[in-house]
Amino acid sequence: MVVQENFSLKDYNTFGIDAKARFFVEIESINDLQEILSKDQYPRKILLGGGSNMLLTDDINALVIHVDLKGKQTISETSETIHLKVMAGENWHKVVLWTLEHGYGGLENMSLIPGNTGTAPVQNIGAYGVELKDVFHSCEAIRIADQELVSFTKEECKFGYRDSYFKNEGKEKYVITSVTFTLSKINHKLNTGYGAIEEELRKDAIANPSIKDISNAVIAIRKSKLPDPKELGNSGSFFKNPLVSKEFFESFSADNPNAPFYKVSDSIYKIPAGWLIEQCGFKGKRFGDAGVHSKQALVLVNYGNATGQDILNLSSRIIDEVQSKFNITISPEVNIIKNNPYN
Ligand code: EPU
């Protein structure tokens, strides 16, 4: 375990922001993680997984801990299901492909989501009709305060839309070290209801899709809409889709009859932030090296040398415009990391 100084995080965040960590360490074992967390000489510690859901707005005057724990293990299985434990540092999409190769169902709709397994529960990642919580069994984490290994059930994680205990009461208190999934071995529950998936399967004339066919369809859809972070820095959806009350929604949709929406419950509606942002004229616009993706307005991009502050300024401008045009407050989905996060 080597602690490096003034370490560039450019290759460790999918936005490709060239911010520096005052101290940086790569962690490959639970023991090393417990040891580094116990050290008082680094009062501020920031955790980094795949770096796919964060915006670094400044150099970080802290110890940045890159969790690189690797491995997969079968915890238990029957003829129908398997409990598979995956260590936090495993790349999410590679895990999805691995499960599909072994014939395990459940993760296929979440193909190609950037990031690592350990950060997936933090924001309850989701796409095309499935969320992490639908396949989540439990997770293990190190409690930062006393370096104890603890485990969390699904209920304890309090999953919500792009939300969990780890984003609220548990924020900055735990380092997730592994996630255990419940996956199907037979009788897979296919989720093809999402319009774009149906369309993609029809295009390929697939009437009885396998889990692999669904994954391929999702990969094709994502590639057509979402930029590859290796080619264009981005963090997926920068904003969450806002939730509004039924009353608000009724007057909104009377004014905007063409707006897409999802009914969440009898009293709550979700409006796609991408649509709102596009209506404000931002889609495909570029401001220096910061921009709004041309195929999905929910995604902010770094054309090369944008700073985190450039992206943050653009996001504030978008929030203000959406607020004044629609009276709807949109908020970031990504974690905005400031220099002194604990101050
Ligand atoms: N839309 C526009 N303009 C845009 C973007 C979207 O009009 O620029 C409209 C679309 O035409 C569609 C609706 O908005 O009617 C929804 O668009 P889409 O299906 O692309 O999904 P989304 O709601 O914009 C969410 C997730 C994505 C996920 C997709 C598919 C959030 C914040 N984002 O996007 O997640 O891939 O659904 O399930 O919930 C991510 O979190 O990083 C992410 C990419």
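## Domains and a ligand: worked exercises

The side chains of Arg162 and Glu333 meet in a salt bridge, 3.2 Å from N to O (a side-chain nitrogen of Lys or Arg within 4 Å of a carboxyl oxygen of Asp or Glu). This is a predicted model, where local features need pLDDT of at least 70 and side-chain atom pairs count only at pLDDT 80 or more, while totals for chains, interfaces and linings use all residues. Residues are numbered from 1 along each chain as its sequence is written, and side-chain values use heavy atoms, with hydrogens and water left out.

**Exercise 1.** Find the domains of the chain.

*Solution.* Next, take the centres of domain 2 and domain 3 over C-alpha atoms: 27 Å separate them.

**Exercise 2.** Describe the interface of domain 2 and domain 3.

*Solution.* Start with contacts (heavy atoms within 4.5 Å): five residues of domain 2 touch five residues of domain 3. Then turn to buried area, the accessible area (1.4 Å probe) that two parts lose on being put together, summed over both. Here it is about 520 Å², and carbon and sulfur atoms give 42% of that. On the domain 2 side, Tyr161, Arg162 and Lys167 lose the most area to domain 3, together 76% of what that side buries. Finally, look for salt bridges: the rule finds one across this interface.

**Exercise 3.** Which residues are closest to the ligand, and how much of the ligand does the protein bury?

*Solution.* First, collect the surroundings (residues with a heavy atom within 4 Å): there are 24, the closest being Tyr128, Tyr161, Tyr194, Ser237 and Glu278. Second, check the distances to oxygen atoms of the ligand. A polar side-chain atom of Asn241 lies 2.8 Å from one, and a polar side-chain atom of Gln296 lies 3.0 Å from one. Ala297 uses its backbone instead, with an N or O atom 2.8 Å from a ligand oxygen. Third, consider area, using the Shrake-Rupley method with a 1.4 Å probe: taken alone the ligand exposes 820 Å², and the protein buries 83% of that.

How values were computed. Domain bounds come from an automatic or database domain assignment. A polar contact is a pair of N or O atoms within 3.5 Å; within protein, one must be able to donate a hydrogen and the other to accept it, and residues adjacent in sequence count only if both atoms are side-chain atoms.
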